[in-house]
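Student: Could we go through this model together, one question at a time, with the cut-offs stated as we go?

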Amino acid sequence: MLERRFRVRAAPSPTGYMHIGNLRTYIYDYFLAKQNSGDFLLRIEDTDKSRFVEGAVENLCNSLKQLGIEPNEGVWIDDDNKIFQRGDHGPYIQSERKHIHQQYAKQLVEMGKAYYCFCTAERLDEVRKMQELTKRPTGYDGHCRDLSAEEVQKRLEAGESHVIRLKLPKEGSVTINDAIRGEVGFEWKLIDDQVIIKSDGMATYHLAAMADDHDMEITHVIRGEEWLSSTPKHIFIYESFGWELPIFAHLPLILNPDKSKLSKRQGDVAAEDYLKKGYLPQALINFLALLGWNPTADREIYTKQELIDLFDLTKVNKAGAVFQIDKLNWLNNHYLREMDNQSYFDLILPHLSSYNADLKFKQRVALLFRERIILPSEITEQSAFLFVDKLDYSNISITWKDRSKDEARERLTAAIGWIEQIDDSKEHDAKHIEEYIKNLIQAQGWGNGDTLWPLRVSLSAQEKSPSPFELIAVLGKKQSTARIRQALETL
RNA sequence: GGCCCGUUCGUCUAGUGGUUAGGACAUCAGGUUUUCAUCCUGAAAGCAGGGGUUCGAUUCCCCUACGGGCUACCA
């Protein structure tokens with residue numbers, strides 16, 4: 001292998017959304033390129049017109065942008081949501097390379113490595129049915145493989161619908177060398193003469209991707225395991241042209257809990273959905289990177305830069321990995337706690353926009369729930385009780401366990417007095433308030449439980465909530481005492 | 001059916017011939033605590049099975065089982 005500049009590509013199809021498994025592939029692509037000061041390119045594989053989805057490319061670019069997985073070459077998107085291409089190996093949108101692909105296909109035919117096929121869909125169907133009926137392996141029967149040049153010429157001129165197929169060897173075998181799996185062998189006779197140019201003139205993946213990878217000087221082809229079995233065809237194309245082979249690496253699949261290939265039916269597979277829900281880019285990257293690979297044994301948290309530095313393609317697992325949301329949730333909460341306050345506020349405050357309160361108050365609320373939420377959106381519901389004027393105590397007991405109402409009244413009345421005495425400068429200092437109130441409770445000879453439960457419930461009307469000290473600190477003296485008075489009225 | 005890939009706690013994984021098989025998430029139990037969450041401590045939980053090779057196999061080889069992928073004019 002020559003010393004070539006690392007050039008790695010992400011090659012999505014614009015079929016609607018970014019599959020979480022594809023995203024992991026792109027993350028690895030990106031790591032590898034960055035680690036080696038190489039290029040990371042984005043190429044759009046849109047040779048199947050029937051599956052093209054409007055807006056998919058924009059969507060994809062925006063998601064990658066949000067994740068900070070940016071290509072330095074190929075297709076990208078500007079701030080006005082406009083697609084553009086950059087780099088001197090373009091175009092980077094495959095449909096725009098149609099005639100390049102056709103040129104290559106023609107060359108292959110001239111070299112005797114491919115042939116024109118005029119078989120109709122009906123005939124192909126029949127052949128397959130027959131094969132199935134007789135329990136033989138299905139596949140193209142080679143009907144047009146040895147057509148004479150004259151006949152081909154004649155039928156081409158007659159405008160007959162046709163495709164171009166690879167003319168694969170009928171004997172011998174091929175060994176592919178995979179960076180993750182090592183050597184994998186296949187017998188040529190078992191491999192179908194694949195269509196490389198469809199009847200609409202567009203290349204199929206097999207030709208398009210290989211031709212483009214070569215033209216774009218791609219050094220590492222990282223893709224899902226589902227491509228492993230078609231790699232012989234790809235090697236055949238490379239070798240027919242005498243091109244230098246890239247390094248192939250077939251990633252294990254990401255699986256549903258039932259171990260089948262991660263699919264839409266069994267949950268969210270669209271990366272953008274996770275982003276929309278509020279999963280943080282760094283959490284998503286951290287999580288996905290560790291699904292199938294692990295740099296060390298004793299850490300779970302890695303920055304993107306650390307992952308770039310540590311990434312090792314050869315240490316990627318061979319077995320598929322089940323996608324389980326639990327650890328992602330844990331990571332997301334971790335990153336939520338770790339970020340600086342301002343970034344955290346930027347994330348959370350939009351979810352409190354429906355509430356009428358001043359910024360300082362909302363910021364205190366945001367901080368209060370930081371350890372209790374996995375997704376920013378959860379704060380809306382969790383903190384709702386802090387934004388209402390009148391609490392509804394009908395579903396909760398203000399009294400502690402089997403203690404009397406009189407006792408609760410006594411404690412709450414005292415609490416009002418205590419709170420009013422809090423130094424204004426310490427009004428929002430939960431730690432101070434806790435120490436202060438606990439001392440007073442002790443001085444009275446009361447119990448924490450019989451005092452703090454009524455106090456907390458008065459402030460929240462919730463079975464479960466943050467501590468009364470934190471609630472007082474968030475609400476402030478005035479609102480706190482008002483709430484306690486309300487509770488006293490209902491008692 | 002054929003070809004190919006894979007198989008360490010429930011899940012993500014570390015491990016490359018000699019380890020009490022390590023960590024994390026989840027679970028459970030204690031502790032802290034007015035509640036919940038956090039936090040702390042601890043527990044339970046794994047080398048798919050069978051043959052080899054070897055003084056010794058989770059690790060190397062073979063077979064079986066199981067799982068998955070591919071088998072399109074989709075990628």
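Student: Which residues of α15 meet which residues of α18?

Tutor: This is a predicted model, in which local features need pLDDT of at least 70 and side-chain atom pairs count only at pLDDT 80 or more, while totals for chains, interfaces and linings use all residues. Residues are numbered from 1 along each chain as its sequence is written, and chains are lettered from A and ligands numbered from 1 in the order in which they are written. Helices (H or I, at least four residues) and strands (E, at least two) are DSSP runs numbered from the N terminus, and two residues are in contact if their C-beta atoms, placed from the backbone, lie within 7 Å. On that basis, R409, L412, T413, A415, I416, I419 and E420 in α15 meet I472, K477, S480, T481, I484, R485, A487 and L488 in α18.

Student: How do the residues of this contact divide into nonpolar, polar and charged?

Tutor: Ala, Val, Leu, Ile, Met, Phe, Trp, Tyr, Cys and Pro count as nonpolar, Asp, Glu, Lys and Arg as charged, and the others, Gly among them, as polar. The contact of α15 with α18 then divides into eight nonpolar, three polar and four charged residues.

Student: At what angle do α15 and α18 pack?

Tutor: Axes are lines fitted to C-alpha atoms, for helices over the stretch in contact, and angles run from 0 to 180 degrees between N-to-C directions. The axes of α15 (residues 405-420) and α18 are 10 Å apart, and the angle is about 145°.

Student: Which helix supplies the largest share of the surface near RNA strand B?

Tutor: A residue is near the strand if its C-beta atom, placed from the backbone, lies within 6 Å of it. There are 62 residues around RNA strand B, of which K261, A297, A319, N448 and S467 come nearest. Among the elements that each supply at least two residues are α11 (325-338) and α18 (468-490), but the largest share, five residues, comes from α17.

Student: Is E371 buried or exposed?

Tutor: E371 is found in the loop between α13 (359-368) and α14 (378-382). A residue is buried if 20 or more other C-beta atoms lie within 10 Å of its own, exposed if 12 or fewer, and partly exposed in between, with C-beta atoms placed from the backbone. Because E371 has 10 C-beta neighbours inside 10 Å, it counts as exposed.
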